[in-house]
Amino acid sequence: MEKPDNIDEFETNDNDDFIEIIDLEEAASDETAAFGVTDSSDEENRARSEHSGESAGPGESEEEIKQAEMYGTVFEEKSKEPYILKSILEILIVCVIAWIAATLIKNYVILVAEVPSRSMMPTIEKDSKLIGNKLAYLFTDPKRGDVIIFDYPDNEDELFIKRVIGIPGDTVAIADGDVYVNGAVITEEYLLDDNGEYPSGEPTGNYGPYVVPEGCYFVLGDNRNNSKDSRFWTNTFVSIDEVRAKAVLNITSWWEVIR
């Protein structure tokens, strides 16, 4: 190729070559668009236009706008599905945890019972509902004066509730209704109601003496003249293995602490 005599003309032709390269890039972009690939900036502009409510830009047909709106609606509906499923799953997990906690508490922590008799009046009225603490004697033993819930020694299918009078090693005797533990009469203010009276009259009778074996307890009802307790059972004493809980709250009497 001969060099033109006019240098300016050669430089212009060289510039024409450069311009042609730009034209090739544009052509490549057109071919890419023909295969379904679009410029991300165009998509972003279109999305901003749709959200802002602007009209379609140049080159956007009504069909394209409808398709974009349809796809957007479908996406919104699909995006809600995981949220709903997640919420349902969270509720189920909470329910399962609550059920497990309630089961563990009922089986290992508390005992809820109803007293159908008057044997523990005035401390516990007939038909009262109680809460017993199953963990009360996990590290300690029952003490004198504790109100305990236990398996009835003559029939362990039944639950009884009485007050501990004698602990292992004690000698218990009853004379004219007064209770003696190791030779000393005990004061039992819990036998009197709010008016200072006995529910079934002043205690009477003579029983014993009873020597309480190791690991066992001698128990009596507070309504002393109307109670089936250690004085009358075939198996006189309650073993530690038969003790189920310590009575702690009287639900019926406004959650009164049992003493």
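Guide: β3 and strand β11 (residues 243–250) run antiparallel and are joined by three bridges. Within that pairing, I149 stands opposite A245 in β11. The model is predicted: local features need pLDDT of at least 70, side-chain atom pairs count only at pLDDT 80 or more, and totals for chains, interfaces and linings use all residues. Residues are numbered from 1 along each chain as its sequence is written, and side-chain values use heavy atoms, with hydrogens and water left out.

Visitor: Which strand is joined to β3 by six bridges?

Guide: Strands of a sheet pair through backbone hydrogen bonds, either parallel or antiparallel. Strands are DSSP runs of E with at least two residues, numbered from the N terminus, and two strands pair if DSSP finds at least two bridges between them. Here strand β3 (residues 147–152) is joined by six bridges to strand β4 (residues 155–166), and the two run antiparallel. They form a hairpin with two residues between them. I149 has I161 as its bridge partner in β4, and I148 has K162.

Visitor: How many residues of β3 are buried?

Guide: Buried means under 20% relative accessible area, exposed over 50%, and partly exposed in between, with a 1.4 Å probe and protein chains only. In β3, six of six residues are buried, so the strand is mostly covered by that definition.

Visitor: To which strand is β4 joined by three bridges?

Guide: β4 is joined in this way to strand β9 (residues 216–220), again antiparallel. In that pairing G166 has F218 as its bridge partner in β9.

Visitor: In what order do the four strands of the open sheet stand?

Guide: The order is β7-β6-β5-β8, with antiparallel pairing. β7 (184–185) and β8 (207–211) stand at the edges with a single partner strand each, so one side of each is left without a neighbour in the sheet. Strand β6 (residues 178–181) pairs with β7 over two bridges, and V181 has A184 as its partner in β7.

Visitor: How many aromatic pairs are there?

Guide: Rings of Phe, Tyr and Trp (its six-membered ring) pair if their centres lie within 6.5 Å; planes under 30 degrees apart count as stacked, over 60 as edge-to-face and the rest as tilted. By this rule there are eight aromatic pairs. One of them is the stacked pair of Y152 and F160, at 4.2 Å centre to centre with 0° between the planes. Both Y152 and F160 are buried. Ring pairs also link F150, Y152, F160 and W233 into a cluster.

Visitor: Which arginine lies over the face of Y190?

Guide: A charge sits over a ring if NZ of Lys or CZ of Arg is within 6 Å of the ring centre and within 35 degrees of the ring normal. R163 lies over Y190, at 3.7 Å from the ring centre. R231 lies over the face of Y207, at 5.1 Å from the ring centre.
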